[in-house]
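My notes follow in the order in which I looked things up.

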Amino acid sequence: MESGRSARVGRGALADVVFSHDTHMSGAHFVVECDEKRCVLRDLNSSNGTLVNGAKVSSALLIPGDIVVAGETTFFVAAAMDNAETPAPAVTALPVEVTPQERLLALLRGEFQPLYALLDAACEPSVLRVLYESKEEYTSLFEGVAGAQLTYFAPYLVRLPKESALLGTLVQKGWGKNWGVFVTSAQPLQDLRGHFRQFLMVKMPDGAQAYFRFYDPRVLRIYLPTCLPEEVDQFFGPIQNYLVEDEAPGTLLHFSNKGRGAEAKEIGLAP
């Protein structure tokens with residue numbers, strides 16, 4: 001891009017650089033304004049937001065090496081020489097495909113905050129070691145003597161700051177393997193623990209008590225669509241979003257409570 005020029009990127013005719021095939025990109029998604037020494041990106045109130053290095057931004061100063069994601073298209077910021085003493089950044093579309101895990105990580109860090117994960121140690125034995133080594137704040141949903149005996153088989157709730165290395169580990173190693181589910185909530189960890197403990201046991205038709213493994217994505221993605229509105233209200237409580245892997249890891253299932261039952265939305269992660 002020439003110095004002193006700007007370029008709008010989007011899907012529609014008003015954009016200077018058009019990606020008409022990207023249905024998740026807005027008509028005019030973001031604009032890049034450059035001079036001899038710098039480029040500034042501004043989001044144009046896009047419907048799905050613009051991510052720079054995984055963080056959702058309204059504006060950002062771009063430097064060489066930055067990764068910009070808009071819709072399903074990823075851009076790489078490189079230095080444009082043009083005989084200038086100080087090379088200015090230039091934004092180009094990446095020719096390589098972004099993996100589902102990379103796109104998921106950008107979404108979780110940019111759009112779904114504050115973020116927690118419910119992890120199932122019974123499904124994946126390494127969960128407890130990964131949690132311990134991460135130094136993040138976490139707790140078991142079980143308690144008492146029985147909880148101590150089931151330490152290696154318990155469900156765990158962990159808080160995930162957007163720049164947490166643990167979040168990257170969970171996405172890269174656990175996505176598509178039923179390690180657990182992600183949730184967003186503004187409540188403290190211990191308050192959420194109390195909320196989730198309500199659902200650990202359910203009464204069967206014969207009156208017997210049984211464990212309810214709602215933190216298993218295979219269970220949750222079937223259970224939520226069957227709930228009545230009042231059941232959804234109770235199950236969501238302080239939760240804004242449940243984020244669940246689909247049978248195919250290229251799809252993220254996003255459940256929210258709109259007052260009419262659980263509303264499900266599929267978010268494609270594969271290019």
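Is Glu33 buried, partly exposed or exposed? I found Glu33 to be partly exposed, with a relative accessible area of 32%, where buried means under 20% relative accessible area, exposed over 50% and partly exposed in between, for a 1.4 Å probe and protein chains only. I note that this is a predicted model, in which local features need pLDDT of at least 70 and side-chain atom pairs count only at pLDDT 80 or more, while totals for chains, interfaces and linings use all residues. Residues are numbered from 1 along each chain as its sequence is written, and side-chain values use heavy atoms, with hydrogens and water left out.

Salt bridges. I then looked up the partner of Glu33, which is Arg42, in a salt bridge whose closest N and O atoms are 3.0 Å apart; the term stands for a side-chain nitrogen of Lys or Arg within 4 Å of a carboxyl oxygen of Asp or Glu. Arg42 is likewise partly exposed, at a relative accessible area of 34%. The structure holds 10 salt bridges, and I followed up several of them.

For Arg159 and Glu137 I noted 3.5 Å between the closest N and O atoms of their salt bridge. Arg159 lies in strand 13 (residues 155–160) and Glu137 in the loop between helix 2 (127–134) and strand 12 (138–140), so the pair ties together parts that are 22 residues apart in sequence; helices (H or I, at least four residues) and strands (E, at least two) are DSSP runs numbered from the N terminus. Arg159 is partly exposed at 35% relative accessibility, and Glu137 is partly exposed at 41%.

Glu263 and Arg260 form a salt bridge with closest N and O atoms 3.6 Å apart; here Glu263 is partly exposed at 36%, whereas Arg260 is exposed at 64%. I also recorded a network of salt bridges that links Asp120, Arg213, Asp216 and Arg218.

A cavity is a set of points on a 1 Å grid over the protein atoms alone where a 1.4 Å probe fits but cannot get out, and lining residues have an atom within 4 Å of a point; grid points are joined across faces, edges and corners, and the volume is the space filled by probe spheres set on the points. Strand 11 (115–120), helix 4 (165–174) and strand 14 (180–184) each give two or more residues to the lining of this cavity, with strand 14 giving the largest share, 3 residues. Among the lining residues I noted Trp175, Trp179 and Glu245.

Methods. On a 1 Å grid over the protein atoms alone, a cavity is a set of points where a 1.4 Å probe fits but cannot get out, and a pocket is an open set with protein on both sides within 12 Å along at least five of seven lines; lining residues have an atom within 4 Å of a point.
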